[in-house]
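Have the model open as you read.

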Amino acid sequence: MSVIQEMGKYGHEQVVFVRDERVGLNAIIAVHNTVLGPALGGTRFWDYATEAEALFDVLRLSRGMTLKSAAAGLKLGGGKAVIIGDPQKLKSRDFFHVYGRFIDTLGGKYYTAEDVNISAADVEMMNEVTKYVSGTPAVSGNPSPFTARGVYMGLKAGASVKFGTDSLKGITVAVQGLGNVGYALCEHLRKEGAKLKVYDVNSAAMERAVKELGAVAVNPEELLATDCDIFAPCAMGAVFNGENINRLKCRLIAGAANNVLMDASVGDALNDMDILYLPDYIVNAGGVINCGIEIEDPNWRYDIDYVNTRVDKIYDTTLKIIALAKEKRISTSKAADEYAEGIVDANKK
Ligand code: NAD
């Protein structure tokens, strides 16, 4: 595989391979685009089977960050990093110092943050040797409540178009995944009087939602085909494919999970089925907004009200994407890409 060719395919600016034998570090840092500002994106720690798999992941994810930040109105670009290996075996303060020093060599072109298998504590250790990190507990901290708030605002905007009102009272929402974001989303929905149907592989999370939020637990086989108005995927990606979407009974889809459509054709098919899909990176941008503002303005002092105001703009952005899709007669996923790419292109020198 030619790395430069792959970079060209996605439009990357820079891809850095880093290695330190002593601590066993092997990582790839991908800076996709810095037109709007420094590239922000978390570091994922994963035991990839092959280097090609890791490269594919980091290239795809970093491009997604460019689009997410642009659409969210942040003056930031997109980047991502992957550390290849077993986090259980490799993690140590020394390890994160070595990795942090590599981040530092990029001189602020790339800021890292939490992601899969990288905790706030790990980011704090990197922060001991580089200032180019974001989302430490001392500043913006846990992104999940903001991601949940953003998804909730997106759902309300979608409901206003699909159901003629943005009130979710009496609306049935099926939520897949009751982790940090999914559970917090359920709390917002419950507060507004929505009815919840839930499934999580973790039965304790489900029991909690049933007990505390009056949710109805649904079997995994039934979840996709369950009667509901909205389906909110908040667990993992690739949930919807060309075949299983025929079982859906919802009229609107929006959740926190990234890349929930198996491929772009699924977005077109949902459009043809008159199911309104709200693109993942549009509605799940609350977390990146929360930790991105501190990079946009290094003198800014954390202010939760200001963060919430910025997160709530996801409502308007969602409406814009729906309107653009309607105007151009394209799927909402294509409209989101056009919208975000348009912002980046308009700022190119
Ligand atoms: P989490 O790990 O806290 O929660 C995920 C939940 O999904 C867990 O409770 C897990 O048991 C459950 N789950 C796993 N596989 C499942 C399956 N097959 N069916 C049903 N449930 C399943 O993660 P999170 O932080 O809540 O994030 C949820 C999703 O949103 C992830 O895909 C994440 O990448 C994405 N996301 C999160 C944020 C954030 O701020 N945390 C931001 C953007 C996107």
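## A histidine in a helix

His97 sits in helix H4, residues 93–105 (helices are DSSP runs of H or I with at least four residues, strands are E runs of at least two, both numbered from the N terminus). His97 counts as buried because its relative accessible area is 15%, and buried means under 20%, with over 50% called exposed and the range in between partly exposed (1.4 Å probe, protein chains only). A polar atom of the His97 side chain lies 3.5 Å from the backbone oxygen of Met125.

A word on the model: it is predicted, so local features need pLDDT of at least 70 and side-chain atom pairs count only at pLDDT 80 or more, while totals for chains, interfaces and linings use all residues. Residues are numbered from 1 along each chain as its sequence is written, and side-chain values use heavy atoms, leaving out hydrogens and water.

## Around the ligand

Which residues come nearest to the ligand? Of the 21 around it, they are Thr147, Asn180, Val181, Asp200 and Ala235 (a residue is near if one of its heavy atoms lies within 4 Å). A polar side-chain atom of Asp200 lies 2.6 Å from a ligand oxygen. Backbone N or O atoms also face ligand oxygens, at 2.8 Å for Val181 and at 3.3 Å for Ala256.

Taken alone, the ligand exposes 820 Å², and the protein buries 70% of that (areas are Shrake-Rupley values with a 1.4 Å probe). Helices H6 (144–162) and H7 (180–191) are the elements that give two or more residues to the shell. By class, the shell has 10 nonpolar, 9 polar and 2 charged residues.

## Cavity and pocket

Searching the whole structure turns up 1 cavity of 30 Å³ or more (on a 1 Å grid over the protein atoms alone, a cavity is a set of points where a 1.4 Å probe fits but cannot get out; a pocket is an open set with protein on both sides within 12 Å along at least five of seven lines; lining residues have an atom within 4 Å of a point). The largest cavity holds about 40 Å³. Its lining includes Lys68, Tyr281 and Thr317, and helices H2 (51–71), H11 (280–283) and H14 (314–328) each give two or more residues to it.

The second largest pocket has about 350 Å³ of space. Of its 15 lining residues, Asn271, Asp274, Leu276, Ile322 and Lys326 are closest to the centre.

Note on methods: Points joined across faces, edges and corners; volume = space filled by probe spheres on them. Polar contact = N/O pair within 3.5 Å; in protein donor to acceptor, adjacent residues only side chain to side chain. Nonpolar A, V, L, I, M, F, W, Y, C, P; charged D, E, K, R; others polar.
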